[in-house]
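Visitor: I am new to this structure and would like to ask about some of its residues and helices. Could you show it to me before we start?

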Amino acid sequence: MVPPIQRPQEATTMPTPESTLTAPLDTCRQHSPQEPAPRAGIERRPMPKRKRLDPEARAFEQLVIRHLYYTRGSPLQSASRQDVYTALAHAVRDHLVDRWRRTTEAHYRANPKFVYYLSAEYLPGKQLPQNILYTGLEETVQRTLDAYGRKMEDLIELDVEPGLGNGGLGRLAACFLESLATLDIPAVGYGIRYEFGIFKQTFQDGWQVEQPDAWTAFGFPWEFGQPDDMAEVGFYGHTEPYHDASGQFRVRWVPANKVRGEPCTVLVPGYGTETVNILRLWRARATQEFDFRCFDQGDYERAVEGKIHSENLSKVLYPNDATPQGRELRLKQQYFFVACSLKDIIRRFHLRNRDWSQFPEKVAIQLNDTHPVIAIPELMRLLVDEQELEWERAWDLTTRTFGYTCHTLLPEALEQWPVPLFERLLPRHLEIIYEINRRLLASFADRATADPGLPARLSLIEEGAVKQVRMAHLAVTGCHAVNGVAELQSRLLREHTLRDFAALCPEKFQNKTNGVTPRRFLRLANPRLADLIRARIGDDWLRDLDQLRKLEPLAADAEFRRAWLEVKRTNKAGLAELVAAQGGPRLDPESLFDVMVKRLHEYKRQLLKALHIVTLHLRIKANPTVAVQPRTFVFGAKAAPGYAMAKLIIKLINNVAEVVNRDPDVNGRLRVVFLPNFNVSLGERIYPAADLSEQISLAGKEASGTGNMKFALNGALTVGTLDGANIEIRQHVGEDNFFLFGLDADAVLELKSRGYRPGDYYHGNYELRRALDALADGTFSDGDTALFRPLVDSLLHHDEYLLLADYSSYLDCQDQVAQIYADRDTWACRSILNTARCGFFSSDRTIREYCGQIWKVQPLPVPKPGDPGLAEISV
């Protein structure tokens, strides 16, 4: 227990010691990152009498007060709300630090095999509510705040969401790290500490506007900056051949430019266990931050030019690669974090090991998509050039260490880099890639006799006017395991995208269907539903999601169905309040909440959803008395800044919302809202409120999806195609509890092969023709017939993602949705079964499969405090 602070005697006009935590909360208003909070203490409201605290809550209160003084440097009497939040966060973090210390000691003693997860994105969400839950402090913190009449939500509101990702890739990575810790797997995540993340989205006149996401403006209390542990990374320069002391031919890289990577460590606790793993994020630092000579000569800009150029590396996630400068910055980002991470991995390996032959027995590195694939030639460079291992031995160690997860089927997402850029930026790595390629093609030379085109298809280098390095081919060549993230996508990888590699090395290819953590996306996001479930079947499902199967019999219980629907209605009312607070339309919680929130891309077909809304609106305009199931359409999505068509779709949806919401003929039966800046925190408000989950991508395009899992876990029914993990969701929840429409992947390929003519669908379907004409004639653009013409022309003359082919099937399916929703009892039964049958979609299950089939790692439970099995480590 931390000893209490000895408070000075205070004047009668100051708050008493018993109300010191109340004063800041009562006298300071919440502030935005753009507007710092004023210091409190000038005007004060009467303090409520503080309730007496039990010893445990009293000790925690003392810890918070201690951090006010010793961490924030804030006197009690003038502490702002931000001060109190930060002190609370550090008090919670202290409990994690003790577990982290014991985790580190247990790992050091056991010297186990570690999983190292390399990902360009992480979306961990708010940390305060999660860490309060995982430290078992929920009741203690609540009692402490209750004693002062405070609400935890007021402080959680100040807890920032780290802007380290864009969409499902980053959220999946965060789920995996959380499951690794929950399952007691020794693991470290590596990524980039982006200063401004992707961007903060706002709307102006319906258009997306990108603004910096200054998530670190007030500091981030959950990280430890460690500037004394920097890694140095080189760029550009040239290579030099030489012979070592034994006469062996060698090559050294002489970089022309260097930057430093400073690690920031974030603790990743497991639920219901003592394990606390870490996420290590790198931010760029200049080797020379300030040129005093330039400054002294009055050239102030050049004096800091090196610092600016170096630190641009970790400013923004995914800089626009429409320009050569943007492409170069992206490749530099990828190499920067990979080089820093490999240096750290080798450092950690050498803490207890010296024999390189043990490297794959102690290290498993997973490459999360193609962004970190440059790690393969970098590890070869470190082993061959710096550690002076023979090529064959280094390659054996490398291929046994790396695994690769492919998250896409889209050709543009399977990264390729221009050879001239590679040669200029990373000259030694290009030489290593050429040698890997030479050996690869030589190993299959006998096959080329029967198939002369095979070498060109396998090659790591794509020939053309500008040669390209194929990063996916490099990944498959340099890894011992390659996995997709849903059954369909894994099959298509084997049969189409990477079919030559799969034919030659079938043993490498696996499937690992994605999952999500139920701790965040049910227990924290939907506490009302979690409480209802806990009251009937206990809470073992938090660590074993298959336990939700016990809910199945309750679907036949009328009282339970009523309670289930009441939870859903309350969640919908909460979302309606949020929309109203943002200036949106009034939403009816009794209406069907039809939700589509995900990254904006044409293949995800938000435009098909918009055509559905336009069609319903036109039906009402044609007959204002027509019976229409009241619906609330909720959108959330960000478009990449350089993706013009996606941004035009956002503009269309916002314009449709404006027209529909103000139309007196609609009379509130339809409501459309596009919530800006969709992120994890907003998703946690939306998933519990959804009745219908829109998963309508063209079959064969979505790798997996995880939003579909979050919706189903929270009792939403899915309308979707046979794409990604939709197939497995339908298999598990039951065909009757899933609304299926559209072509399957094989039918898509067949239709395109025989020549797809979108105009035939336009001329053959009256409602489709009316909807597209409404987009073209200015109905939703104040008479501007040119605004949405690019969308209409794209659909009529190309329609890459077959919206027109699936339109009729989609509308028929939506009519079925409306009919079933009218019978709330039937809907409640199907909703319960969706949740009950989601056990397969836990990220814990996915991680167990990775551990057993790819990484070959075992759990290492961390002893609890006082366990004699835990010896102190002397440093």
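Visitor: Leaving out residues up to four places away in sequence, which residues does Y236 touch?
Guide: This is a predicted model. Y236 sits in the loop between β6 (231-235) and β7 (238-243). Not counting residues up to four places away in sequence, Y236 touches W253, V254, P255, A256, N257, E328, K332, R424, L425 and P427.

Visitor: Is Y236 buried or exposed?
Guide: Buried means a relative accessible area under 20%. The relative accessible area of Y236 is 19%, so Y236 is buried.

Visitor: What is the value of phi at Y236?
Guide: Y236 is a residue other than glycine, and its phi is positive. The value is near 60°.

Visitor: How far apart are the C-alpha atoms of Y236 and R562?
Guide: Along the chain, Y236 and R562 are 326 residues apart.

Visitor: Where is D184, and what is its phi?
Guide: D184 belongs to the loop between α7 (168-182) and β2 (187-192). D184 counts as buried, because its relative accessibility is 11%. D184 is a residue other than glycine with a positive phi, near 65°.

Visitor: Which residues of α16 are buried?
Guide: Helix α16 covers residues 427-443. One of its buried residues is I436, with a relative accessible area of 3%. The buried residues of α16 are P427, R428, H429, L430, I432, I433, I436, N437 and L440.

Visitor: What length does α16 reach from its first C-alpha to its last?
Guide: α16 has 17 residues, and at 1.5 Å a residue the expected length is 24 Å. The length in the model is close to that, at 25 Å.

Visitor: Which residues does I436 contact, leaving aside neighbours within four places in sequence?
Guide: I436 is part of helix α16. I436 and L460 are 24 residues apart in sequence, and their C-alpha atoms are 8.4 Å apart in space. Leaving aside neighbours within four places in sequence, the contacts of I436 are W391, W395, L460, L474 and T477.

Visitor: Is α13 roughly parallel or roughly perpendicular to α16?
Guide: The axes of α13 (residues 375-386) and α16 (residues 427-443) come within 9 Å and cross at roughly 95°. Angles of 65 to 115 degrees count as roughly perpendicular. Therefore α13 is, relative to α16, roughly perpendicular.

Visitor: Which residues make the contact between α13 and α16, and what are their classes?
Guide: On α13 the contact is made by P377, E378, M380, R381 and D385, and on α16 by R428, H429, I432 and I433. By class, the residues in this contact are four nonpolar, one polar and four charged.

Visitor: Which backbone oxygen does the side chain of Q127 reach?
Guide: Q127 lies in the loop between β1 (114-118) and α4 (128-134). Q127 counts as buried, because its relative accessibility is 4%. Apart from neighbours within four places in sequence, Q127 is in contact with D159, F220, W222, L267 and R520. At 3.1 Å, its side chain reaches the backbone oxygen of G125.

Visitor: Which side chain has a polar contact of 2.8 Å with the side chain of Q201?
Guide: Q201 lies in strand β3 (residues 200-204) and is buried, with a relative accessible area of 2%. A polar atom of its side chain lies 2.7 Å from the backbone oxygen of A637. Beyond four places in sequence, the contacts of Q201 include V209, K638, I650 and F678. The side chain joined to Q201 by the 2.8 Å polar contact is that of Q208.

Visitor: With which side chain does Y850 make a polar contact?
Guide: Y850 is in helix α36 (residues 843-855) and counts as buried, at 0% relative accessibility. Leaving aside neighbours within four places in sequence, Y850 is in contact with F176, Q366, T405, N483, K512, W855 and K856. At 3.3 Å, the side chain of Y850 makes a polar contact with the side chain of T405.

Note on methods
Residues numbered from 1 in each chain as written. Predicted model: local features only at pLDDT ≥ 70, side-chain atom pairs only at ≥ 80, totals over all residues. Heavy atoms only, no water. Helix = DSSP H or I, 4+ residues; strand = E, 2+ residues; numbered from the N terminus. Buried < 20%, exposed > 50% of the residue type's maximum accessible area, 1.4 Å probe, protein only. Polar contact = N/O pair within 3.5 Å; in protein donor to acceptor, adjacent residues only side chain to side chain. Contact = heavy atoms within 4.5 Å. Axes fitted to C-alpha atoms, helices over the stretch in contact; angles between N-to-C directions. Parallel < 35°, antiparallel > 145°, perpendicular 65-115°, else oblique. Nonpolar A, V, L, I, M, F, W, Y, C, P; charged D, E, K, R; others polar. Expected span 1.5 Å × (residues − 1).
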